[in-house]
Amino acid sequence: MKPGALLSARQVGKAFVSNSAQRWACRNISFDLYPGEVLAVVGESGSGKTTLLRLLAARLACDEGAVGYHARWPGHAPLDSLTDLAVMSEAQLRQLARTDWGFVEQHARDGLRMNVSGGANVGERLMALGERHYGQLRSQALDWMARVELDAERVDDLPGTYSGGMQQRLQIARNLVTRPRLVFMDEPTTGLDVSVQARLLDLLRQLVDELQLAAVVVTHDLAVARLLAHRMLVMKDGQVVEQGLTDRVLDDPQHPYTQLLVSSVLTP
Amino acid sequence: MTESHYNFAFLDERTKKRIRRALLKAVAVPGYQVPFGSREMPFAYGWGTGGVQITASIIGRSDVLKVIDQGADDTTNAVNIRRFFARTTGVATTQKTRDATLIQTRHRIPEEPLTASQILVYQVPMPEPLSKLEPRRRESIKMHALSEYGLMHVRLYEDIAQLGAIARAYDYPVMVNERYLMSPSPIPKFDNPKMHMNPALQLFGAGREKRLYAVPPYTRVRSLDFEDHPFEIERWPHACALCGAADSYLDEMIVDDQGGRLFVCSDSDYCEERREAGHVGTQQAVTLTNVLSAQDAGGGA
Amino acid sequence: MNAPYPSPVIEALALAKTFTLHARGGLSLSVFHGINLSVRPGECLALTGQSGAGKSSLLRCLYGNYAATSGEVRVHHQGEWVALSSAEPRDVLAVRRHTMGYVSQFLRVIPRVSTLDIVADPLRRLGVPVSQARDRAAEWLQRLNLQEALWTLPPATFSGGEQQRVNIAHGMITEPAVLLLDEPTASLDAANRRAVVALICAARQQGSAIIGIFHDEEVRAQVATSCLDIGQHRSLT
């Protein structure tokens, strides 16, 4: 684990058993992520990219290897080394997920509370951290909604009344309100209309830049990788076949599979 | 005189022992919901079986029992439960709060302050304060364990955002001992302050949900609120029409077809005590003016 | 000038590039090999050779956009030599941000971002406040004769020449120590070409080390201090 790294994966692997046969969804994945770096994990269905994301976000336990995070606990002196996610308690992981991490789900409905208003969705993390002033909560909610280009008038509306793009932006605001250092994104723009995608990507690009976010973005869309990511991992059948600087991987792919992926993209 | 074919207080001694064990756990961890083996009682779920099981487990021959329902001793449920205990224990019963050692209540706390030698047993329909927000039991257990109560504040925020104020009028969530979020049962929020630092032992039983919990004497109980929307109890512009009390929870009774209402103490014993002591109310129904007709009379739009 | 002879800021050592096309059964295309170059502040090295000889590929290798097959690219960045070929992505990006500018032939358009903001972006990344960065961007666009009406528009619908000028402003605005230019005047008319030549000469005078591909011989004559013929470094396959 190199000094300064925020997140570190070391020979990470996850196996699933089906029909009494063991299949590795992903195996032997290693990388270090630094503050402010965006890493795209690119691959087709079945590549293991989503499993990898879930391992990194501690939603699944590693069968092999380990994931370390540079956790900062309030009231404690900052550590030099990374903490293995596997040794963190559930309380610590939940705390992390609420404060220093964000997770943007592919379908906004999975990442929102659909039965409370937009403002309440944005304010929830703050309330969990002990914010007890209604006026403050509301003004922060309005502030963040403006940042993700949501109309302030919709603050008291239920997310079900929002369009798909708006729901996704609300999800982003909800995650960013505690200024996390690391955000996991699972296909954040898939399923949205093209113009909506463009707007959302632009927003993500700006926010990542402004807030110096580190992010791991799973996507099958190379254009998303090019736009958002500094680095890329290309996955096939659970392995990383190529990794490096995004523009290098996309413009000068070395691995046969990467070359196939890049050449398969249709450009209008 | 007890019915000869029932054990004292209906439940067998083993069951009482298990419930008392659960109660001890509950007292040791104020506000924490302790599961217990809820028994089949001779009345259906939803009619106070939890409260009755707790009372049955702790009642002794020298106890004096009071049972109230919505503050009144003479409603059907209160009468039935009181009679149930009279038949199965032969223990003395009373309607006077002052004279009771054990009080079982549905949805109210008596106005008369309780003492250290009294126990209050609440009937609880739904013990989980988070149930409407997080229906998954597995998740709400975690939230209690990790003290993750942001979600309840989300609900209160939502009330203020949609309605301008926290709309809960009853079953208003409280923090017990600054650790556990608890449902005080559907008592009006007017009664919440009475729970705080009360000398009496407060026990809560939910028969259908099979959980019980407790607030030991002199425990901190705080109603949730926001700094800029502090907790407030209900207030009436009227006093009790019968006894003139200005500080008790009033029931509103419709007395005629012209909108005439009588506001009367919900706590029947409290009202009677005051009347015996000579206090008298206005004895008159209040007619609330019809708002629409007042506007019409005053001039057009 | 009494200043001591400055040391190089960008060097290539035995640089070679071969493309392997796996879709064509592993067909190997050697673009160049054995390239050595060393450029000092104030120098401008022009890459020459036929079309398709590999000049653009060499520039891209120098920028880190293409991976070198063998050999090394080093850039003098913040007082130290950085071996670009083996550097971590974030280090390559740091070098690009502070030390290396690149003007390509193609403008990759980000939807919804105005021309002014595209040009101001490299300055912003260096920490320059937004309004200041935009002011500088405006200066550069003016120098390149791009009409003000276009500044608030995203450049997707611009003509080739207009896009080229946005590229140039974007690549040169931070006045980097190393400047890589790929056909900067290709789509420009004579007046704009002159403006760009002036900018390149000014950059040279300010101490930038420049490596560029200049199709127009006249432009090359005006800006280059030396030449490297890529054609000499192609293997015959």
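For sorting residues by class, Ala, Val, Leu, Ile, Met, Phe, Trp, Tyr, Cys and Pro count as nonpolar, Asp, Glu, Lys and Arg as charged, and the others, Gly among them, as polar. The model here is predicted, so to speak of local features takes a pLDDT of at least 70, and side-chain atom pairs count only at pLDDT 80 or more, while totals for chains, interfaces and linings use all residues. Residues are numbered from 1 along each chain as its sequence is written, chains are lettered from A and ligands numbered from 1 in the order in which they are written, and side-chain values use heavy atoms, with hydrogens and water left out.

On a 1 Å grid over the protein atoms alone, a cavity is a set of points where a 1.4 Å probe fits but cannot get out, whereas a pocket is an open set with protein on both sides within 12 Å along at least five of seven lines; lining residues have an atom within 4 Å of a point. Points are joined across faces, edges and corners, and a volume is the space filled by probe spheres set on them. The second largest pocket holds about 1100 Å³. It has 30 lining residues, and the closest to its centre are Arg59(A), Ala97(A), Arg98(A), Arg174(A) and Glu139(B). By class, that lining splits into 11 nonpolar, 4 polar and 15 charged residues. Helices (H or I, at least four residues) and strands (E, at least two) are DSSP runs, numbered from the N terminus. Among the elements that each give at least two residues to this pocket's lining are α2 (90-98) and α6 (164-176) of chain A, along with α5 (150-163) of chain B.

The largest cavity comes to about 50 Å³, and its lining has 9 nonpolar, no polar and no charged residues. Two or more of these residues come from each of α6, β7 (182-186) and α7 (194-211) of chain A, with α7(A) giving the most, 3 residues. The second largest cavity, at about 30 Å³, has a lining of 5 nonpolar, 2 polar and 2 charged residues. Here β2 (64-69) and α3 (76-89) of chain B each supply at least two.

Now for what is packed away. Buried means under 20% relative accessible area, exposed over 50%, and partly exposed in between (1.4 Å probe, protein chains only). A nonpolar core is a set of buried Ala, Val, Leu, Ile, Met, Phe, Trp, Tyr and Cys residues joined through side-chain atoms within 4.5 Å. The largest one has 69 residues, and Val122(A), Ile172(A), Leu176(A), Met232(A), Tyr157(B) and Phe226(B) touch the most other members. Another core, of 37 residues, lies apart from it and includes Ala137(C) and Leu199(C). Ile172(A) and Leu176(A) also turn up in the lining of the largest cavity. In chain C, helix α3 (residues 115-125) is mostly covered, with 8 of its 11 residues buried. Leu82(A), in the loop between β4 (64-69) and β5 (83-84) of chain A, counts as buried because its relative accessibility is 14%.

Finally, the chains meet. With contact meaning heavy atoms within 4.5 Å, 23 residues of chain A are in contact with 24 residues of chain C. Buried area is the accessible area (1.4 Å probe) that two parts lose on being put together, summed over both. Chains A and C bury about 1900 Å² between them, 49% of it on carbon and sulfur atoms.
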